[in-house]
Amino acid sequence: MGKKLKAVQEKIETGKEYSLEDAIKVVKESSYTKFDETVDLAVNLGVDPRKSEQMVRGTVVLPHGLGKKVRVLVFAKGEKEKEASDAGADYVGSENLVEKISKGWLDFDKSVATPDVMGLVGKVGKILGPRGLMPNPKLGTVTFDIAKTVKEIKAGKVEYRTEKAGIVHVPIGKISFDADKLLDNAKTVISSIIRAKPATSKGRYLKKISVSSTMGPGIAVDLVSLGKGV
């Protein structure tokens, strides 16, 4: 793999910034693995994530999804259980699920809860929280609108938040996607991040953007090519 990666890197012009469209094409052309890699967008923001008011986080529904099956767990009771099941949730319940999770079971990718069972879900908060699996009202995953939320997640709703270095990493699909679909997904994510700009953020907000695949190098994007709003 070392030789293959070196060959890929030799094709990429050092220091060059590509248009978003061309960056995605380079990422696709540079893929050398046998598995369907995830394509990732990395956005370096001019914020200080140590300050709570400058934490950038949100959700966005990708127009072309993520290209993978997302296993959704719903904490709910009564009529909301049926609503969750009908919407396509993979696991639905309350006390039974909390008990399974407390014993180490974590075979799901996203979790949603109705507000009335959050006291119960809190019992496994120390397990779910560090893994990014805890339902969160700010991300729309604590809600009574269960059907809509489950369908959005299944369709490709992704969460994002700034890491310690002020970088947001968001998956935008698979390497097997058409370049146009990856471009649509990337533009949708960037627009969402721009709308989430904190009021206290001063100076340049979008500092750097790069696109990469799971095993490939990061391809720098020319911010000027993105046009207005950057």
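Good morning. A polar contact of 3.1 Å joins the side chains of Asp40 and His169; by polar contact I mean a pair of N or O atoms within 3.5 Å, where, within protein, one must be able to donate a hydrogen and the other to accept it, and residues adjacent in sequence count only if both atoms are side-chain atoms. The model is predicted: local features need pLDDT of at least 70 and side-chain atom pairs count only at pLDDT 80 or more, while totals for chains, interfaces and linings use all residues. Residues are numbered from 1 along each chain as its sequence is written, and side-chain values use heavy atoms, with hydrogens and water left out.

Let me stay with Asp40. Asp40 lies in strand β1; helices (H or I, at least four residues) and strands (E, at least two) are DSSP runs, numbered from the N terminus. Asp40 is buried, with a relative accessible area of 19%, where buried means under 20% relative accessible area, exposed over 50% and partly exposed in between, with a 1.4 Å probe and protein chains only. Not counting residues up to four places away in sequence, Asp40 touches His169, Val170, Pro171, Ser210, Val211 and Ser212, a contact being heavy atoms within 4.5 Å. Asp40 and Pro171 are 131 residues apart along the chain, yet their C-alpha atoms are separated by 4.4 Å.

Now the sheet. Four strands form an open sheet in the order β7-β1-β8-β9, with antiparallel pairing; two strands pair if DSSP finds at least two bridges between them. At the edges stand β7 (167-174) and β9 (219-220), each with a single partner strand, so one side of each has no neighbour in the sheet. Strand β1, residues 38-45, pairs with β7 over seven bridges in the antiparallel sense, and Ala42 stands opposite His169 in β7.

Two helices pack on this sheet. Helix α2 touches β1, β8 (206-213) and β9, its direction making about 30° with that of β8. Helix α8, residues 179-195, touches β1, β7 and β8, and its direction makes about 155° with that of β7. Here axes are lines fitted to C-alpha atoms, for helices over the stretch in contact, and angles run from 0 to 180 degrees between N-to-C directions.

Which residues of α2 are buried? In this helix, residues 20-30, they are Leu20, Ala23, Ile24, Val26, Val27 and Ser30. Seen down the axis of α2, these fall within an arc of 160°, so they line one face of the helix; the arc is that of the directions from the helix axis to the C-beta atoms.

Next, the cores. The largest nonpolar core has 36 residues, and those with the most contacts inside it are Leu45, Ile193, Leu206 and Val211. Such a core is a set of buried Ala, Val, Leu, Ile, Met, Phe, Trp, Tyr and Cys residues joined through side-chain atoms within 4.5 Å. Two or more residues come from each of α2, β1, β6, β7, α8 and β8, and α8 gives the largest share, six residues. A second, separate core of 14 residues includes Trp105, Leu120, Val124 and Leu128.

Gln54 is buried, with a relative accessible area of 9%, and its side chain reaches the backbone nitrogen of Asp48 at 2.7 Å. Leaving aside neighbours within four places in sequence, Gln54 is in contact with Val47, Asp48, Pro198, Thr200 and Ser201. Thank you.
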